[in-house]
Amino acid sequence: MEIILATNNANKVKELKRMLEPLGYTLFAQKEKGIRLEVEENGTTFEENAALKARAIHELTGGAALADDSGLCVDALSGAPGVYSARYAGEPCDDHKNNEKLLSALKGISDRTARFVSVICYIAPDGSEHFFRGECEGTIGFTEVGDLSFGYDPVFMVGDKAYSEMTAEEKDAISHRGNAIRKLADYLKDTH
């Protein structure tokens with residue numbers, strides 16, 4: 001089955017393809033299908049934003065569409081940056097500036113617990129919508145470390161290792177997106 005990914009984020013495309021294509025699905029980034037669409041993510045939840053993106057692709061193509069909305073929720077910051085994770089330090093989006101702003105906001109704060117959240121909205125060819133939520137608990141480190149990933153990965157620690165210090169296989173096994181994708185994969189296996 002062919003699924004179009006409602007994202008222009010090359011890193012998300014890489015992760016989603018890496019985890020779903022071995023299960024027999026053919027995934028295309030919207031760009032690979034010639035779709036030039038930038039959906040305004042004005043929802044207040046990960047679910048709302050994921051649905052906005054998936055619906056836009058489904059309405060345009062009539063086929064299966066998948067969107068992920070994800071972010072970092074820090075307890076000491078009342079869940080921020082949350083749905084605003086990508087633009088936390090303002091436009092244009094810049095991972096390093098986001099990390100700097102986060103580390104600055106946590107300066108002197110001992111509670112550094114946080115979780116990464118991923119919500120996947122999958123819209124089947126018949127238009128039915130399905131949501132899959134994955135989370136990964138961790139803490140925020142004190143400096144950026146590692147170079148194997150993107151986003152907040154250099155400051156998000158699971159145990160004594162940052163996401164950005166993990167191999168793709170290590171990260172996929174525990175990550176928020178990996179957890180959401182496994183739920184999606186179970187659903188697809190049961191229905192197709």
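Modeller: Searching the whole structure turns up 19 salt bridges, where a salt bridge is a side-chain nitrogen of Lys or Arg within 4 Å of a carboxyl oxygen of Asp or Glu. Side chains of opposite charge can pair when their charged atoms come close. Bear in mind that this is a predicted model, in which local features need pLDDT of at least 70, side-chain atom pairs count only at pLDDT 80 or more, and totals for chains, interfaces and linings use all residues. Residues are numbered from 1 along each chain as its sequence is written, and side-chain values use heavy atoms, with hydrogens and water left out.

Let's take E47 and R133, whose closest N and O atoms are 2.8 Å apart. E47 sits in helix α2 (residues 46-61) and R133 in strand β5 (residues 129-140), so this pair ties together parts that are 86 residues apart in sequence. Helices here are DSSP runs of H or I with at least four residues, strands are runs of E with at least two, and both are numbered from the N terminus. E47 is partly exposed, at 26% relative accessible area, and R133 also counts as partly exposed, at 33%. For those words, buried means under 20% relative accessible area, exposed over 50%, and partly exposed in between, using a 1.4 Å probe and protein chains only.

Now for D68 and R177, which form a salt bridge with their closest N and O atoms 3.3 Å apart. D68 belongs to strand β3 and R177 to helix α5 (residues 176-191), so here the parts tied together are 109 residues apart in sequence. Both D68 and R177 are buried. They also belong to a network of salt bridges that links K12, E15, D68, D153, K171 and R177.

While we're in strand β3 (residues 65-74), have a look at A67, which lies there too. A67 is buried, with a relative accessible area of 0%. Leaving out residues up to four places away in sequence, A67 touches A6, A50, K53, A54, V119, I120 and C121, a contact being heavy atoms within 4.5 Å. The C-alpha atoms of A67 and A54 are 5.0 Å apart, though 13 residues separate the two along the chain.

One more pair: the side chains of E91 and R87 meet in a salt bridge at 3.3 Å, N to O. E91 is exposed, with 59% relative accessible area, while R87 is partly exposed at 32%.
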